[in-house]
Amino acid sequence: MRRHTIEVISLVVAAVGATASVFAWPDFRWQVLHDAKYKPEPPVVTRPETLVGGGVVSSTESRTQPRVVVPTAPPVAPPPTPPVVSTEGNAGEWYEIRAMSVQSSSVLPPSRVASYGPEMAVDGKWNTVWVEGADGDGSGDWIELNLRSPTTVCRVGIVNGYGNGPRYYENERVRDAVLTFSNGSWQRIHLTDNNDLQYFDVTPTNTQTVRLAIESVYPGTRWSDAAIGEIRVWGRH
């Protein structure tokens, strides 16, 4: 009797379990198909790096979420450095010839504020001047540039007088002069009465020295000493 009862109970339990499984399977299947926690991660695709429009695309990308890469602008090259041009033998038509030394027939003694040696006429400053120191109005006095080596001279530039302030008219200025070269040739020039750089083209002459000798002057309102601010010499290619 007890054994029969146990078998009946076992059959009932088995029947109930089977029935429950039939009704529970659709719910479980629906969860598998629709619940996000049962969805696998999207596959990852690996490929070599490529350049797209100047930007770099990563070697690992998701199929479902592609990464947008903004192209980068190409680097800007710095402007070229301008070349350094020498004053002698440069790429231009004219080139300046520098004096190795300079001398003069006389020099005005230095004052409390300045000195007046011949080197002042080749220092590139118009307000520093050579002033002759001989008696009279300076006629016959000279200043001479010594070049590094015999060079063909084609042009001479002169800044007349003592600066561009009141001392310009107080001192004498050169009016007429003679340019003399070491090969014995010479040329007479006439200077205007102003403080600009005045150019004088000369017959191309191969020379070691360039001498300017004063022939006449513009009178000064205060002093009888002739002054010259600058003397410059050029050659030509």
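**Pockets, strands and cores**

The lining of the second largest pocket divides by class into 7 nonpolar, 1 polar and 5 charged residues. Here nonpolar means Ala, Val, Leu, Ile, Met, Phe, Trp, Tyr, Cys and Pro, charged means Asp, Glu, Lys and Arg, and polar means the others, Gly among them. This is a predicted model: local features need pLDDT of at least 70, side-chain atom pairs count only at pLDDT 80 or more, and totals for chains, interfaces and linings use all residues. Residues are numbered from 1 along each chain as its sequence is written, and side-chain values use heavy atoms, with hydrogens and water left out.

The second largest pocket holds about 170 Å³ of space. Of its 13 lining residues, the closest to the centre are Glu-96, Arg-98, Val-122, Ile-231 and Arg-232. Strand S5 (94–97) and strand S12 (226–236) are the elements that give two or more residues to this lining. S12 supplies the largest share, 4 residues. A pocket is an open set of points on a 1 Å grid over the protein atoms alone, where a 1.4 Å probe fits, with protein on both sides within 12 Å along at least five of seven lines; lining residues have an atom within 4 Å of a point. The volume is the space filled by probe spheres set on the points, which are joined across faces, edges and corners. Strands are DSSP runs (E, at least two residues), numbered from the N terminus.

The largest pocket has a volume of about 300 Å³. It is lined by 15 residues, and Ser-111, Tyr-116, Tyr-162, Arg-167 and Trp-223 are the closest to its centre. Its lining has 8 nonpolar, 2 polar and 5 charged residues.

Now follow S12. This strand is mostly covered, with 9 of its 11 residues buried. Buried means under 20% relative accessible area (1.4 Å probe, protein chains only). S12 pairs with S5 in the antiparallel sense over 4 bridges, and Tyr-95 stands opposite Gly-235. Two strands pair if DSSP finds at least two bridges between them. Strand S8 (142–160) is joined to S12 by 6 bridges, again antiparallel. There Ile-158 stands opposite Ile-231. Strand S7 (residues 130–131) is an antiparallel partner of S12 over 2 bridges; Val-131 has Ala-227 as its bridge partner. S9 and S12 run parallel, joined by 2 bridges.

Why is S9 largely enclosed by the rest of the structure? Because 7 of its 10 residues are buried. S9 and S11 pair in the antiparallel sense over 8 bridges, with Asp-176 and Ser-216 as bridge partners. S9 also pairs with strand S10 (residues 186–190), antiparallel over 5 bridges. Val-178 stands opposite Arg-188 in S10. These two strands form a hairpin with 4 residues between them, and Gly-184 in the turn has a positive phi of about 95 degrees.

The largest nonpolar core has 27 residues, and Val-153, Ile-158, Ile-189 and Leu-212 have the most contacts inside it. Such a core is a set of buried Ala, Val, Leu, Ile, Met, Phe, Trp, Tyr and Cys residues joined through side-chain atoms within 4.5 Å. S5, S8, S9, S11 and S12 each give two or more residues to this core. Another core, of 5 residues, lies apart from it and includes Tyr-116, Val-131, Tyr-162 and Ala-227.

Finally, Gln-198 sits in strand S11. At 10% relative accessibility, this residue counts as buried.

Terms used: Buried means under 20% relative accessible area, exposed over 50%, partly exposed in between (1.4 Å probe, protein chains only).
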